[in-house]
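We will go from stop to stop, selecting a few residues each time.

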Amino acid sequence: MEGRECGAIASGSVPRNTEIRESSSNSREACDLKQESILGSNEVKSTAVVKYSAAPPPAAYARLQEKTDLKLPPANWLRGISQLGQMDATSLGTSKKSKPFSSFGMAYDFIDCIGNDVDVVSDSENIKKLLKIPYSKSHVSMGVHRVGRTLLLDELDIQELFMTSSQTGDWNWLKELYQRLVDPKWQRKKKSKEQFYQKAILSKFLYYSVNGDCGAETVPTPIVQPADTQPQVNPIVVEESSWPAPLRTPASVPEDGNPQEQGNVPLEATYVLEQVASTPKEQNLTTFLNEGENSQGLKNDFVRNILWTFEDIHMLVGSNMPIFGGGKYPAVSLRLRDSNKPINILTGIDYWLDNLMCNVPELVMCFHVNGIVQRYEMIKTEDIPNLDKSSFSTKVVKDIAQNILSFLKANCTKEGHTYWLFKASGSDIVKLYDLTTLCEETTEDKYQNPFTMPVAVLLYKVASNMMMKKVQNRKHYGIIRTLLLNCIKLLDKERHPQFVQIIASANYMISELFQLDEPPKRDENGSNLNENSDSYSEDEDLPEDSDENGSFSNGSEPSDDSKAVAIIKSVGELSVPEKYKSIHQIRPSCAFPVCHDTEERCRVVLNYVLEGLKAVDGSIKKETDLPAADPSIPIPLKYADESECTGHKALKKQIALFLDKVGPAHKTLELPSQSGMIPDTWQYQMKLNLTFKASRAYFVLSDAATSLQKYGRALRYIKLALQSLDAYCCLINNLSPEVLFFLSQCLTLNGDIQLMLAQHASNRAAYQEEYNYQTREDQEILHSLHRESSCQAFSWATELYTDLEYQLSVSCKCYEAANELLHSCDQNVHVVEQLKQVLKRLGNSRNEVGVFYMNQAAAVQTEGTASKGITMIEQELWKKSFSYFEKGIQDFETIEDETNAALLLCNTGRLMRLCAQAHTPTGSDSKRGEYSLEEAMYYNKAVDYYLKAMRSLTGWEKHPAVWDSVKWELSTTYFTMATLEQDYAPLSRKAQEQIEREVADSMMKSLKYCDIHTESARQPLCQYRAATIHHRLASMYHNSLRNQVGDDHFRKQHRSLADLHYNKAVKLFQLLKDAPCELLRVQLERVAFSEFQMANQNSNVSKLKTLSGALDIIINSEYPFLLIQSELSCMQALQGNCQACHDGKMPENDSSSLNEEEIINLVNIFEARFSFLLFQLIKLLTSKKKSSGVGDDRILLKNYKHAYSTLLRATADKDIPLIQRVELILSLLKHLSSRSSIDETGSV
C-alpha cells in the first residue's frame, strides 16, 4: 500500500508549527505535520499526527451558487474522483460501513504502536459514538479486544451481522445470546427513505464541490501563505491495498537497525522471525488476509490513519472524511445542513471531533432547503463548542473519554477474549459482556467466534515486533510471553492447519525468552534481584486504590445480570470527573514466571520446544503425499556394523566422519530430509532452531547436574544434547562457527562427566539408575529427532561404561574432538579462552589415564615374582602411561600452565622410578643383587624429570604446595639411589672409593632438597630423612675409617666427617618423638666409634679422655629411653585392659610404633657397652698414680663401681621384664648425670 504518511498536530487556530518528514522510497511516503492546540479556555489538549493518507493534497472546494438543486446529479456523479479518496460515492462525508475487523487492519499496519504506545485503535465513527453516549439515546454495540495495553474497538452492527449469520453461520451464537440477554423478539429494522435521501444529496453535494461546474463558483486558494502554515505535499499514486502477511516483519522494524545490533534480542529469535517473514507466499497467511470482501474487513480501508492524543489518551483512529482546501487555512471540512433543522449538541460534538482528529482548523457549512442551496457559513473548529443551541463543554467530553477508557481498561483484562460493549436504544445502562466465555458456554466449539483468528494473528505480530526491537527491555518479556501464550491458546493445529507456522514460531519465541545460562542479576547494593534471572514483572508497584485484578471500587453495584462482566448503571456517571479513574493503565497479568532453579527453567523451555516440534512435525506431508523418488538418484543409507561401534578405532573413525562436515558456510541440504521436509521451508528452518534450542537446554541441565555431582543424570542430559545436535547436523551440510563452538562445549562437558564417573566408580549403581531414567517429555522430543536422524553419531561418547580404562579413554577422545572443533572456528576471544580450558582438561584427562596405566603396571609388578623378570604386559603399560604423560605435558606447555606441567613431569618421574624398581636384579637364590646400571639409568631419568618440573615452576612463590611436593620427590629419588648403591654396592664394576663418593654425592643432593626448617605437615618427614642421611653418611665414613689403611690425611678427614654427621644425626633425631630406636642406634654407633679410637691410643690419659667422652654419650642417651619407657608403659596398660575384657578382643586403639624385639636387641647392646665402658674406666682410675686431683678420682671411681655392680646384677637376672630393665638404665643414667654435674660444679 503506497501513499503519504502525514502527521500534524491540529487545532482550531492557525497552525503554529509544520514539520515534514519523508521516508524511503521502499515504504510509504511519510509527511508528519505536527500541531498542538488548547481548546475551550485551556480545558482540552489535542494533538494529531497523520500517520498515513491515501488522499491527494486538499483541493480547493467549489462554492455552489444559490438555488443550486442538489437533487440533480452532477455529470461526474458515482464515477470516482481521487480528491475524495478511494470511497464509495454514497458513503462520502460520513464513513463507509465499518466492518467488524477494521481496527485489526490498522493494528497490522502500525504494529509498532500496538501494545504499549496506544490506548485505543478504532474507526473515528466509533470514537465519536462512545463520546456521545451520555447525550444520545441511540444504541451502541462494539467489540473490544485487548492486546497488551491497547484496546481495539470495532462496531458490531447487529442488523448487518445477523443478516449474514443466516448465510455463513458465523454469528448464530451471538444472535442467540442477543435474543436471550437483550431482545428476545428481535426483528430486522428497515432503514427509512429519509436516510437514503440524505445520503444521496450529500454525495451529490460533494461531487458538485469538487467538479466546480453547474453554476458552482470556485473559491480561489491564496497565492501567498505563511511558510509555517503551508503543508508541503507531493502527488501520490494510490494503488489497491495489498495487506502484509501476519508473519511478515513490519515495515517499521528495519528503522531500528540491523539485527546484529539489536541489544539483548537472541540471535536465534531474530533469525527465525526473519526466516519466517521471507517464506514463500503460499506458505504464509496472505490468502486469509487478502480475500477482499470475504476477508472479514481485515484490510486497512481508511483514507487516513491518525495518531490522535486527546488529553492523556493516545488513539490510533481511521477516518474517511474528505478534506478540501480553501479560505485562509490550508484545510477545511465541508458539511451540508438542512436550514429547517437546527444544529443540535450531537451534531456539534460530531463536527468538532472530526475536525480535531483530522487536523482541520475550519468548518464550511452549506445550508439548504429541500435540496436547494441557500448559503455558506465558515466556522472555526475552536468555536464549534460555543454554537447557539448546540453548545457543549469540552471538559465534559474529556471526562467522558477518560471514564470510558478507564471502565474498559479495568474490565477488559483477558487478552484473546472478545468483549461486547452494548447499550440498548433509549437505555441509560451500558453493559460489557465477555463473548469468548459466553460463546464457550453456549457452544462446545470456541472457534465459532470469528474474532478468534484475527486476534491470534495480531497477538503474534505484536509479540514478534517486540522481540525484534533494537532496544529490548527485558521487563517486556512478561508481555511478550502473555501475548504468545494467548495466541497459542486461540489456535488449534488440527482445525487451523494454516496457522501451524504461527503456533511453532510462538512456542519457539517463548522458549527464547528464557535465558538458560545467565548469571543472577544484582542490584546496586550487590544483592540478588531474584533467585532466577528470568523473573520479570510488569507494573510492580500497583496504585493504592487498585486491587489485584485491576478493577475499581467506585463504579456501579454488581448487576443482576450475571452474564455481564461490568455495568454502567447510568450514562450520566460518565460525565462525572474521574468517576471511573481508578487505574490509568491496564494492569496486565503478565509477570514472567519465576523459575527457582536451572532445571525448572530448562524444563519449561523444553516443554515449549516440544510443542513447537509437534507443530512442525504435524505440518510435514505424510509419506504417501511425497513425490515419487527419482530412480536415478541413489538414496543415502546409514549403516554401521555393531562391531565397528566400539573400540578406539571406532572413536577416531566417527570423529573423523563428523569433522568432515565442518565448514565456514551455512549450507542446507538440497534433497528432502529423512522426514520429508523440503529445504528453505519454514518447517525446515523452524525445526533447525527448535532442535538447537533443545540441545542448549539439555546442555545447561547436564552442567547443573554435574555441579550437583549427579553424574548419571548429567550423562543422560548430555546424551540428549548431543542427540539433538546430531539431528541438527543431519539437516545441514556445513556447520557454522557458532554450532561448532557449542558442540565443542558439549563434548568438553561430556569428557568431564566421563572422567568424574571414572573417579567415582564406587557409586556406579546409583549413577546407572539416574542414567536410565527418562521423562515422557524427553521421549517425545527424541522421537521427533529420530524423524531426521538415528541420533547415534555420538553414542561412543555418551554410554555409561563399566570398563574404567575405556571410560578414561572416552574422556580423552571427547576433549580431543573438542580441541579439533575449536581449531576449525574463528579464533576470537571466546574461542581462545575455551581452547585453553579444553587443553587444560585434556592434559588433566591424559594425566588420569597415565596414572591409571602406571598403577596397573605397579599392580602387575607386585603380583609377579622376582624370578619371572619383566613381562611384556608391564612394558606395554609403561609405554602407554609414558605416552599419555608426554602428551599431557605438551598440552599444558601449549597453554603455559607451568603448575600442571610440573605435576605431570613429577608423575613421569614416578613412572621412571617404577621402571627402576622393576629392573632390580635377583640371584638364583632370590636374593637381591648389586645395584644395576638399568636401575641407575631409570633413577637418573626420574631425577631429570623432577628437575624439569622444578625449572617449570621457577620458584616456590607460584605454587608452594606443588613446589614442596616436587622437591620431596626429588629428595626421595636421590635418597633411594644412594641407599641402594650403599646397601647393594656394585663392587663388581666400581671401586669402593668411587661408590662412597657417589653415595655421598647423592645423599648431599637429597639433603639439599629436604626442607627441615619450614613448618609444614611434611616437616617431621623431612627431619627424619635428614637425620637418616646424616646417620648413613656417618656410618659410611666410620666403616671407611675402620677398613682404611695408609693415608693419614683421608683417615683424619673421614674421622672428622663421621663425627660431624653423627652429631647432626643426633640433633635431628632428638627433634622427633617417634624415633627413639634410631636415636639410640646412633648413640651406640658413636660409642663404638669412640671405642675404635681408643683402641689406637697408647697413653692412659688419652684412653681415659676417650672413655670419658664415650660415657658422656651413654649418659646423654636418657631421652630415647624415656620415649621407650613411655611406649612400653602404654603397651603394658593396653595389655592389662585386654586381659580385663571377657571377650579377649584387643582395644581398637592398640597401635604401637615400636618393635619390642628391636628394643631388646638395642637394650642388650647398650647394657654391654655401658658395662664395658664402666669396667675400663674403673681399671684406668684404679691404676692411676696419686696426684693433686686424687680426691675427685676417688669419687668418680666410687660412682662407677656402684653403677657397674648394679648393672652386673641386673644383667645376670634373665627374667627381669624389659620395662624394668629400661627403668634401671634410666635410674643409672640419672645417677651418673647428677654426680657429673655436682663434680663439675664443685670443681668450678
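Is Asn355 buried or exposed? Select Asn355: it is buried, with a relative accessible area of 1%. Buried means under 20% relative accessible area, exposed means over 50%, and partly exposed lies in between, using a 1.4 Å probe and protein chains only.

A word on the model before we move on. This is a predicted model: local features need pLDDT of at least 70, side-chain atom pairs count only at pLDDT 80 or more, and totals for chains, interfaces and linings use all residues. Residues are numbered from 1 along each chain as its sequence is written, and side-chain values use heavy atoms, with hydrogens and water left out.

**Stop 1: around Asn355**

Colour helix H8, residues 345–358; Asn355 sits in this helix. Helices (H or I, at least four residues) and strands (E, at least two) are DSSP runs, numbered from the N terminus. Now show the side chains of Asn355 and Thr381. A polar contact of 3.0 Å joins them. Such a contact is a pair of N or O atoms within 3.5 Å; within protein, one must be able to donate a hydrogen and the other to accept it, and residues adjacent in sequence count only if both atoms are side-chain atoms. Leave out residues up to four places away in sequence, and Asn355 touches Met321, Ser333, Val360, Glu362, Leu363, Thr381 and Ile384. Contact means heavy atoms within 4.5 Å.

**Stop 2: H2 against H8**

Axes are lines fitted to C-alpha atoms, for helices over the stretch in contact, and angles run from 0 to 180 degrees between N-to-C directions. Angles under 35 degrees count as roughly parallel, over 145 as roughly antiparallel, 65 to 115 as roughly perpendicular, and the rest as oblique. Select Ser124, Glu125, Lys128 and Leu131 of H2, then Asp350, Leu353, Asp354 and Met357 of H8; these make the contact. By class, the contact has three nonpolar, one polar and four charged residues. Ala, Val, Leu, Ile, Met, Phe, Trp, Tyr, Cys and Pro count as nonpolar, Asp, Glu, Lys and Arg as charged, and the others, Gly among them, as polar.

**Stop 3: H27 and H29**

Select residues 960–983 for H27 and residues 1019–1043 for H29. The two axes come within 12 Å and cross at roughly 25°. H27 and H29 are therefore roughly parallel to each other. On the H27 side, the residues in contact include Trp968 and Phe975; on the H29 side, they include Leu1021 and Ile1029. The residues of this contact divide into six nonpolar, five polar and three charged.

**Stop 4: helix H1**

Go to residues 102–109. Why is H1 largely enclosed by the rest of the structure? Eight of its eight residues are buried, so H1 is largely enclosed. Among them are Phe104, Met106 and Tyr108.

**Stop 5: two long-range pairs**

Select Tyr684, in helix H16 (residues 682–707). Tyr684 is buried, at 1% relative accessible area. Leu731 is 47 residues away in sequence, but 8.2 Å away in space, C-alpha to C-alpha. Next, pick Ser1233 in helix H36, residues 1218–1243. Ser1233 is partly exposed, at 30% relative accessibility. Ser1233 and Ile1114 are 119 residues apart in sequence and 10.0 Å apart in space, C-alpha to C-alpha.

**Last stop: zoom out**

Show the protein chain, with 36 helices and 18 strands. Buried residues make up 51% of its 1244 residues.
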